[in-house]
Amino acid sequence: MDASPQVDWVRGEHLSLHGSNPQGLWMAPGRVNVIGEHTDYNNGFVLPFALENAVFVGASLRSDDRVVVSSRQLGTSSFDLDDLARATGRLSHAESAIQQAMEECHTFGGMNLVVDSSIPIGSGLSSSAAFVCALILAATDVTGNSLSPETIARAARRAESEGVGVPVGVMDPMVSMCAKAEHAIFLDCHTLDIEHIPFRVSVGDSPEVIVIDTRTPRRLVGGEYADRRRVCNNAAVALGVESLRDASLEKLAAKRDRLSDEEFHRARHVITENSRVVSAVKAMRDDDFEALGELLSESHHSLADDFEVSIPELDVAAEAAVDAGTYGARMTGAGFGGCAIALVPPDLTRQVESAVTAAFRERDFEPPGFLPAKPSAGAHRID
Ligand code: GLA
């Protein structure tokens, strides 16, 4: 994807709003998760990669203590750093990102931030984590601080969970900050250890990962997400483990009577999903797309049946993609709407897109959208 439309807009807008070019330009990408869903907040494993779609920020320092954030998608907000330092209660994404950035820095001050994004909003491609990461990266860099990608990812997670009040896991900011082009990230969400796994898809005549946007708003996602976290924690307590990462199917069977049906099913998803991630890493290393696809489809069924976070549109997208000859397909992200991914053999993409579109039409669903997904670089300064 050509980043220049966003970069051009950011430059032009900065010049017209503030009378100068930005002092620097930064980007942070969105992501898709290949596999490892609802495992991050259970201290488990995930295997996402960064998209080419990203948030772009141009920044310049101001002589006062105000921060002015002008976003093409979200409009303009401005706030005072002293007020922000004292602020309690709910903050916007921009306020919360700057509050976290300020806390991480020795020197900080007022700034102008102009933001544009090519990540579809509300589709489960991590547009908000990328926004927060991009802002923290730009704000800390332009003030002369050099923070590690992991430090920014942790700050971004706190910004979303503490400031904004959305109880997200660590996957999205970690992949946005640490991804590498042509690789997926195998992340241990307990230790935050990362392994970059070569994943050559969506280039040349290799297989392709396509994102199928079901164009369904992510209904109930806040409450249902928090509910899944709570039930997983209860299941861990009942199993006598610190988190479900430390549980096994044997332990689950042995202590079955201590868990409610709901806890049992949620825990079974997390335990099996963690081992699917480990198998997927092996399949990726071996370029075994058949095995990887199989794991994707298994993951979808586990998310639909045991974790109950799928919806009819996601089920139809995954099923139609598999029927059309893909290696495998599944919902990606939190669920309750948003996107599915399919791992598509070379040259089959158009056929798969038509099959999914036809399946949606048959059921009177809104027409789906398609996005090629190419493993891309993590957040960095671009100018
Ligand atoms: C959302 C959260 C992530 C993760 C996924 C489910 O995207 O932001 O931290 O929990 O849901 O895997």
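Asn-53 is buried, its relative accessible area being 4%, where buried denotes under 20% relative accessible area, exposed over 50% and partly exposed the range in between, with a 1.4 Å probe and protein chains only. The residue is found in strand E3, residues 48–61, strands (E, at least two residues) and helices (H or I, at least four) being DSSP runs numbered from the N terminus. A polar atom of the Asn-53 side chain lies 2.7 Å from the backbone oxygen of Ser-118; a polar contact is taken as a pair of N or O atoms within 3.5 Å, and within protein one atom must be able to donate a hydrogen and the other to accept it, while residues adjacent in sequence count only if both atoms are side-chain atoms. The model is predicted, so that local features need pLDDT of at least 70 and side-chain atom pairs count only at pLDDT 80 or more, whereas totals for chains, interfaces and linings use all residues. Residues are numbered from 1 along each chain as its sequence is written, and side-chain values use heavy atoms, with hydrogens and water left out.

The ligand is surrounded by Arg-31, Glu-37, His-38, Asp-40, Tyr-41, Val-168, Gly-169, Met-171, Asp-172, Tyr-225 and Ala-334, a residue being near a molecule if one of its heavy atoms lies within 4 Å of it. This shell divides into five nonpolar, two polar and four charged residues. Ligand oxygen atoms are placed 3.0 Å from an N or O atom in the side chain of Arg-31, 2.7 Å from a polar backbone atom of His-38 and 2.6 Å from an N or O atom in the side chain of Tyr-225. Of the 300 Å² that the ligand exposes when taken alone, the protein buries 95%.

A search of the whole structure finds one cavity of 30 Å³ or more, and the largest cavity holds about 40 Å³ of space. Its lining consists of Val-34, Phe-199, Val-209, Leu-292, Leu-296, Ile-341, Ala-342 and Leu-343, which divide into eight nonpolar, no polar and no charged residues. Helix H10 (289–305) and strand E11 (339–344) each supply at least two residues of this lining, the largest share, three residues, coming from E11.

Ala-373, in strand E12 (residues 369–373), counts as buried at 0% relative accessibility.

Definitions and conventions. Areas by Shrake-Rupley, 256 points an atom, 1.4 Å probe, with all protein chains shown as cover. Nonpolar A, V, L, I, M, F, W, Y, C, P; charged D, E, K, R; others polar. 1 Å grid on protein atoms, 1.4 Å probe; cavity = no way out; pocket = protein on both sides within 12 Å on 5 of 7 lines; lining within 4 Å. Points joined across faces, edges and corners; volume = space filled by probe spheres on them.
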